[in-house]
Amino acid sequence: MKAVFECCCCGHCCHGESTVSLTPGEQAAMARFLGMETGAFLAAYCVERPGRVEMRVVDGHCVFYGDDGLCRVHPVKPSHCRRWPLHPSILGDRGAWEAIRADCPGFDPDATYEEVCEQVRREAGG
């Protein structure tokens with residue numbers, strides 16, 4: 001089956017006024033990667049919201065969006081970032097697919113909704 005998405009490292013998904021939540025395991029992994037204690041990592045790079053911890057937004061983009069346009073924590077980036085834009089919200093919601101596709105240039109312009117759903121299912125392991 002053809003690939004319907006290939007990341008072109010454009011950084012579109014790193015921009016916006018919100019970011020992704022981090023699990024405690026992701027927090028610890030990112031802190032280790034940066035050579036920091038978890039508490040110092042949280043103070044420097046995260047914000048607490050009710051019921052979750054998120055990466056900070058700085059100047060309209062994720063705090064880890066580098067000056068070179070690449071993710072500074074790519075090897076340990078959170079699961080939400082790893083799976084984006086092939087997010088399960090696409091399944092059963094063509095509107096979500098259209099909104100995501102409109103913002104992400106990494107999709108094959110000839111890809112059908114059904115092909116994208118198949119790739120989401122494959123990458124999710126089922």
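**The pocket, the cores and a helix**

Author: Happy to! The largest pocket has a volume of about 810 Å³. Keep in mind that this is a predicted model.

Reader: Thanks! Which residues are closest to the centre of the largest pocket?

Author: Those are Cys 13, Cys 14, Lys 77, Cys 81 and Trp 84, out of 37 residues that line the pocket.

Reader: And which elements give two or more residues to that lining?

Author: Two of them: β4 (61-62) and α3 (79-83). Of the elements, α3 gives the most, with four residues.

Reader: What is the lining like by class?

Author: There are 21 nonpolar residues in the lining, along with 11 polar and five charged ones.

Reader: Switching topic: how many residues does the largest nonpolar core have?

Author: That core has 13 residues, and the ones with the most contacts inside it are Leu 86, Ile 90, Trp 97, Phe 107 and Val 116. Both α4 (94-103) and α5 (113-123) give two or more residues to this core, and α5 gives the most, with four.

Reader: What does Trp 97 touch?

Author: Leaving aside residues up to four places away in sequence, Trp 97 touches Ile 90, Phe 107, Ala 111, Tyr 113 and Val 116. There is also a second, separate core of 12 residues, with Ala 31, Phe 41, Tyr 45 and Val 73 among them.

Reader: Ala 31 sits in helix α1, I see. Which residues of α1 are buried?

Author: In α1 (residues 24-33), the buried ones are Glu 26, Gln 27, Met 30 and Ala 31. They are on the same side of α1 because they cover an arc of only 130 degrees around the axis. As a general point, an α-helix has 3.6 residues a turn, so residues three or four places apart point the same way.

Reader: What do the buried residues of α1 pack against?

Author: They pack against α2 (38-45), β2 (52-55) and α3. The face turned away from the buried side carries the exposed residues Pro 24 and Arg 32. Just after α1, Gly 35 takes a positive phi of about 70 degrees.

Reader: One more: is Phe 64 buried or exposed?

Author: Phe 64 is buried, with a relative accessible area of 1%, and lies in the loop between β4 and α3.

Reader: Which residues does Phe 64 touch?

Author: Not counting residues up to four places away in sequence, its contacts include Met 30, Leu 34, Phe 41, Tyr 45 and Val 73.

Notes:
Residues are numbered from 1 along each chain as its sequence is written. This is a predicted model: local features need pLDDT of at least 70, side-chain atom pairs count only at pLDDT 80 or more; totals for chains, interfaces and linings use all residues. Side-chain values use heavy atoms; hydrogens and water are left out. A nonpolar core is a set of buried Ala, Val, Leu, Ile, Met, Phe, Trp, Tyr and Cys residues joined through side-chain atoms within 4.5 Å. Buried means under 20% relative accessible area, exposed over 50%, partly exposed in between (1.4 Å probe, protein chains only). Contact means heavy atoms within 4.5 Å. On a 1 Å grid over the protein atoms alone, a cavity is a set of points where a 1.4 Å probe fits but cannot get out, and a pocket is an open set with protein on both sides within 12 Å along at least five of seven lines; lining residues have an atom within 4 Å of a point. Grid points are joined across faces, edges and corners, and a volume is the space filled by probe spheres set on the points. Ala, Val, Leu, Ile, Met, Phe, Trp, Tyr, Cys and Pro count as nonpolar, Asp, Glu, Lys and Arg as charged, and the others, Gly among them, as polar. The arc is that of the directions from the helix axis to the C-beta atoms.
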